[in-house]
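Have a look at the sequence and the model first, then read on.

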Amino acid sequence: MRISFVGLALLGLALAAGATAEVTRPQANPSAAAQGDVERGRAVFNGTGVCYYCHGVDGQIEKRPQLAADTAALIAGLSPPPADLRNSKALHLKSDKQRAKAVREGHPGTGMFPDTRMTNQELVDALAYLALLRKEGAAAPK
Ligand code: HEC
């Protein structure tokens, strides 16, 4: 099922309204920031970044949080569905630069909308956490 642009915009608004992050202007080059902190990245992923709404708590795709019914329905209708960030074999992006761009500008052709609220440090922390998810996913028995 394709979801409408209006639906996506509404979803973005709904998610943004739920987040209480302090707004800091993103700078041009996030890759220049210091090394990421995995634990802080995890907090961003499961918190203000709202990544867990679609990608699951701790990146476990089947572990979605309790969401308002209409938000849950919008996410369930996304085509393609949100990526399983623990399954590196199924992932398309090959570098943190590409991933940072996907988070900041949205993932083209998908329901993943741009995040402009995270600080650069939070983005770097989130990328460090994503690397851990891929590592844990590769180590886990399938
Ligand atoms: C509205 C649902 C939604 C939210 C919220 C969301 N994503 Fe996504 N994400 C998607 C979808 C859909 C895709 C595309 C899957 C595909 O291409 O098959 C995607 C793709 C990605 C990819 C690329 C995976 C690959 O193929 O390499 C990354 C990395 C990612 N998301 C990280 C994040 C992070 C970090 C956050 C939080 C800042 C986030 N996402 C928030 C839905 C979401």
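Contact here means heavy atoms within 4.5 Å, and helices are DSSP runs (H or I, at least four residues), numbered from the N terminus.

Before going further, bear in mind that this is a predicted model: local features need pLDDT of at least 70, side-chain atom pairs count only at pLDDT 80 or more, and totals for chains, interfaces and linings use all residues. Residues are numbered from 1 along each chain as its sequence is written, and side-chain values use heavy atoms, with hydrogens and water left out.

Helix 6 covers residues 120-139, so to speak 20 residues in a row, and spans 29 Å from first C-alpha to last, close to the 28 Å expected at 1.5 Å a residue. That expected span is 1.5 Å times one less than the number of residues. Among its buried residues are L123, L127, L130 and R134. An α-helix has 3.6 residues a turn, so residues three or four places apart point the same way.

Now zoom out. The protein chain has 6 helices and 0 strands. Of its 142 residues, 38% are buried. Among contacts between residues at least 6 apart in sequence, 64% join residues at least 24 apart.

Back in helix 2 sits R40. Leaving aside neighbours within four places in sequence, R40 touches Q121 and D125. R40 and Y129 are 89 residues apart in sequence, yet 8.2 Å apart in space, C-alpha to C-alpha.

Which residues coordinate the iron atom of the ligand? They are H55 (NE2) and M112 (SD), at 2.0 to 2.1 Å. Donors are N, O and S atoms within 2.8 Å of the metal (3.2 Å for Na, K and Ca); water is not among the atoms, so sites may look incomplete. With 6 donor atoms and angles of 84 to 179°, the site is octahedral, meaning six donors with opposite ones over 155 degrees apart and all others between 65 and 115. H55 lies in helix 3 (residues 51-55) and M112 in the loop between helix 5 and helix 6, so the pair ties together parts 57 residues apart in sequence.

How covered are these residues? Buried means under 20% relative accessible area, exposed over 50%, and partly exposed in between (1.4 Å probe, protein chains only).

| Residue | Relative accessible area | Class |
|---|---|---|
| H55 | 11% | buried |
| M112 | 33% | partly exposed |
| R40 | 46% | partly exposed |

Conventions
Helix = DSSP H or I, 4+ residues; strand = E, 2+ residues; numbered from the N terminus. Tetrahedral: all angles 85-135°; square planar, octahedral: opposite > 155°, others 65-115°.
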